[in-house]
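Hi there,

Here is the structure I promised to pass on to you. Have a look first, and then read my notes on its pockets below.

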Amino acid sequence: MKQLSCLLSVFAIIFSINAANADDHSSSDNIYGFVYNFNVSNPAGVVEALTEYWSSPLAKKNPASVILRQIVSNGDDPATHSMAVVYSSMAEIDETNALNAGTEEMQNFLAKMNASATLTSEGMFSSTGVTSGNPAIVPAPGRYTIATSVAVSDPAAYVPAWQKYTTAVNRDSAATNLFAVNGMGKEPSTHVVTVSANSMAELFPQDPEMQTELNALLAEVKDIRTIENRVLYVDLAVFGN
């Protein structure tokens, strides 16, 4: 398994839908972080690793918020779970790396995590501040999200088109966010657009008017963006200090 020491030193959470929840620290205009996708072979081992770390005094100093998600549908991708590590600033990333570096707590966590899950992919993200919908729909157990990775050749044209679409379909039962991404390896994605809701029915409303607006968006951006990936997941737990 690819070594996790340089990848996971930024977080630990409780791997359980009944885990304690914390407030989402970061506003939609001030989000930086990393996403790690895993194929989990031993959920109980992951629970043990994460619970042990987060119960330590060291973890109480960790400024990150972590979202654990179960992947509902992602095609032939072998990942079963996703963890997003969220910060309010780039400086917090440095702070957390320094906090965890070389500690016994983190070494124990990494050893148990390596024995229980295989990292399948990773990436870095930052919010563009382009959002819409209900700001009260935040990471929490039971929240569904459809995340679409896109490669955009002309952001100056794409962003207004996306905003026109989200304005036309804006509703209180969903929230959207546009992220810039980096560190994606060979994947050409430049952005990820997310739509979140507190139920599948609210995430996928059967509304002909919304479909009409989507068709108009697709026609407008067909020459400046390509869809590279799409994944549907549900939040299981959120933790932070």
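This is a predicted model: local features need pLDDT of at least 70, side-chain atom pairs count only at pLDDT 80 or more; totals for chains, interfaces and linings use all residues.

Let me start with the largest pocket, whose volume comes to about 1000 Å³. Its lining is made up of 47 residues, and Arg69, Phe179, Val192, Thr194 and Tyr233 are the closest to the centre. By residue class, the lining splits into 21 nonpolar, 19 polar and seven charged.

Now for the second largest pocket, which has a volume of about 670 Å³. Here 31 residues form the lining, and those nearest the centre are Ile146, Trp162, Tyr165, Val195 and Leu214. Helices join strands in this lining: at least two residues each come from β4, β5, α4 (155-168), β6, β7, α6 (208-221) and β8. Which element gives the most to the lining of this second pocket? That is α6, with six residues. The lining residues of the second largest pocket divide into 19 nonpolar, eight polar and four charged.

I hope this helps you find your way around the model.

Best wishes

Methods
Residues are numbered from 1 along each chain as its sequence is written. Side-chain values use heavy atoms; hydrogens and water are left out. On a 1 Å grid over the protein atoms alone, a cavity is a set of points where a 1.4 Å probe fits but cannot get out, and a pocket is an open set with protein on both sides within 12 Å along at least five of seven lines; lining residues have an atom within 4 Å of a point. Grid points are joined across faces, edges and corners, and a volume is the space filled by probe spheres set on the points. Ala, Val, Leu, Ile, Met, Phe, Trp, Tyr, Cys and Pro count as nonpolar, Asp, Glu, Lys and Arg as charged, and the others, Gly among them, as polar. Helices (H or I, at least four residues) and strands (E, at least two) are DSSP runs, numbered from the N terminus.
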